[in-house]
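This note is meant for a colleague who is opening the model for the first time. Please keep the structure in view while going through the numbered points.

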Amino acid sequence: MSLTWWTVPTQLGVFKVNCRGLACLLVFTMSVCGSAPGMCPAACICASDIISCSNKNLSRVPGNLYKCMKRLDLSYNRIGFLEPEWVPALFEKLNTLIINHNSISSIITGSFSTTPNLKYLDLSSNSLKTLSSPVFQELRALEVLLLYNNQITQIEPPAFGGLYKLQKLYLSYNLLSHFPLDLYTGKHKLTDLVLLDISFNHIQLVPIQRLSSVPAKHLSGIYLHGNPFYCDCMLYSMLIFWYQRHFSSVVDFKNEYTCLLQSDPKGYNKLPLLHDNFLNCSESTVNSSFQAFGFIHDAQVGDRLIVHCDSRISDAGTHFVWISPDNRLLEPDRETDNFKVFRNGSLEITDAQLEDSGLYSCIAINKKRLLNETIEVRINVSNFTVNKSHAHEAFNTAFTTLAACVASIVLVLLYLYLTPCPCQCKGKGRKRKLNQSSAHSSILNSTLPQELPADEKKASTGKRVVFLEPVHEPKHSQNGKVKLFPNDNIIAESILKSTRTKSDSDSVNSMFSDTPFMPS
């Protein structure tokens, strides 16, 4: 019987094995999976380096699993929590772990110490409520983390600490009420994160101003649809800006972006946010959003301005060129007038002039990935001295108007509160004395008319004016009533019946004399 020698590579090197049939297969399996024992549990299905224990009513991971497995499926079981010993042995080759549709309510730090090389972790459809401590810190190679359809209400900044290679994070269908901005800024930011799905949560406000500093390669992967946003022009401007840049997170889910009016917080009427600008947002508000995201730049004459090409294609091997408003091609390492393009895509204008204003286009080209993107940036250059003179004139006009108003108020206050009082007081005293003496001295008081024209003198002939004043000395027999004279009726009749035809001057002197009129 002839023997066939087989060359088998192992972790210890290459050696030759004389084997035939089943013996050769066993040797090959041991060389791949290592010398440690392992077997396929009766409740699981094993296929090469894949083990599926789905829907087997398991509460913990079966023991004696193959050390060579790369994918483990434990979905639809009864696993309640994860602790450091929930995986019984070290599985260095395991890169995919699926634990969705269980009852996991808590994860203790160190739970993934036996699976350090995971790249894909699915914890969706469980009962997780909070993520506080860095429970994933051992998974330094993790690239995709699925946490959707849980009950997560809060995420602390260090929760994803240590996930330096994480690229995709799915948090949709949870109970989050705040945007997790710490994923992009701060100490624990994830620099490689290109997809964040926080759709269908309870987020009502988005930190738009702080998001403006996040690069486009991160912004393009933020999915916000299905949240109960308040209708706001700044939010509308940001989403319109993303839509115009063809971000798939907005283009693919345009109809899913709705908003609520402040008067309807319970959401009885959801309004489409990206249709027909029903918010009637002003052009200045929309432009301010574009300016916040770095696509409108303002400069003064003589300023040095640097404009970045915020492209989603920013990895190694990307080539950048700019096109000026007058269709000049601006390339790296080639200075044109006062323009300079750097290799990272930034455009420098060393001495800005009024003629440099206009729309610039940045083109990012990656030949290896067969990708390209065009970004438009508007630059506005203005003259500072002209603007300053207009502002100075406006200030002078406003100051003059204000000074006139203050002076008018001061004059009114002086007139009301600082008028001399002694003359008024003396006048009042004199009036009181005259009234008291007149009551005792006479009954009829007359006032000499002024000189009238001849025509008016003829018209006034025969007219008499009588003023009667009571005597303030009532008698007890009058019951407090005032009596004029003993025969006051006779006196009145004699005056009214007088038919003297003297001249006006004589009539006035007789009728308005200072001496009392005595009856005959």
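1. Strand β23 is joined by 3 bridges to strand β24 (residues 347–349), and the two run antiparallel; helices (H or I, at least four residues) and strands (E, at least two) are DSSP runs, numbered from the N terminus. Within this pair, F339 stands opposite I349 in β24. The model is a predicted one, in which local features need pLDDT of at least 70 and side-chain atom pairs count only at pLDDT 80 or more, while totals for chains, interfaces and linings use all residues. Residues are numbered from 1 along each chain as its sequence is written, and side-chain values use heavy atoms, with hydrogens and water left out.

2. The pair belongs to an open sheet of 3 strands, ordered β20-β24-β23 and paired antiparallel, where two strands count as paired if DSSP finds at least two bridges between them. At its edges are β20 and β23 (339–341), each of which pairs on one side only. On average, neighbouring strands of this sheet are turned by 20° against each other, direction ignored; the axes behind this angle are lines fitted to C-alpha atoms, for helices over the stretch in contact, and angles run from 0 to 180 degrees between N-to-C directions.

3. A second open sheet is built from 5 strands in the order β19-β26-β25-β21-β22, and its pairing is mixed. The edge strands here are β19 (296–300) and β22 (329–330), each pairing on one side only. As background, strands of a sheet pair through backbone hydrogen bonds, either parallel or antiparallel. The parallel case is seen where 5 bridges join β19 to β26, with I296 standing opposite R378 in β26. The antiparallel case is seen where β21 and strand β25 (residues 358–366) are joined by 6 bridges, with T318 opposite N366 in β25.

4. Which strand pairs with β25 in the antiparallel sense over 9 bridges? The partner is β26, and along this pairing A364 stands opposite E373 in β26. The two strands form a hairpin with 4 residues between them, and L370 in the turn has a positive phi of about 55°.

5. E373 lies in strand β26 (residues 371–382), whereas R245 lies in the loop between α4 (233–244) and α5 (248–251), so the pair ties together parts that are 128 residues apart in sequence. With a relative accessible area of 7%, E373 is buried, and R245 also counts as buried at 10%. For these terms, buried means under 20% relative accessible area, exposed over 50%, and partly exposed in between (1.4 Å probe, protein chains only).

6. R312 forms a salt bridge with E373 as well, the closest N and O atoms being 3.3 Å apart. Because R312 is in the loop between β20 (305–307) and β21 (318–323) while E373 is in strand β26, this pair ties together parts that are 61 residues apart in sequence. R312 is partly exposed, with a relative accessible area of 30%.

7. The structure holds 6 salt bridges, and one of them is formed by the side chains of R334 and E331 (2.9 Å, N to O). R334 is exposed, its relative accessible area being 51%.

8. Leaving aside residues up to four places away in sequence, S111 touches L82, E83, P84 and W86, contact meaning heavy atoms within 4.5 Å. The side chain of S111 also reaches the backbone nitrogen of E83 at 3.4 Å.

9. Finally, the unreviewed UniProt entry lists residues 398–418 as "transmembrane region"; UniProt positions are given in the numbering used here, feature names are shortened, and annotations may be inferred rather than shown by experiment. In the model, this span is 95% helix and 0% strand, and its end C-alpha atoms lie 30 Å apart.

Key
Polar contact = N/O pair within 3.5 Å; in protein donor to acceptor, adjacent residues only side chain to side chain. Salt bridge = Lys/Arg side-chain N within 4 Å of Asp/Glu carboxyl O.
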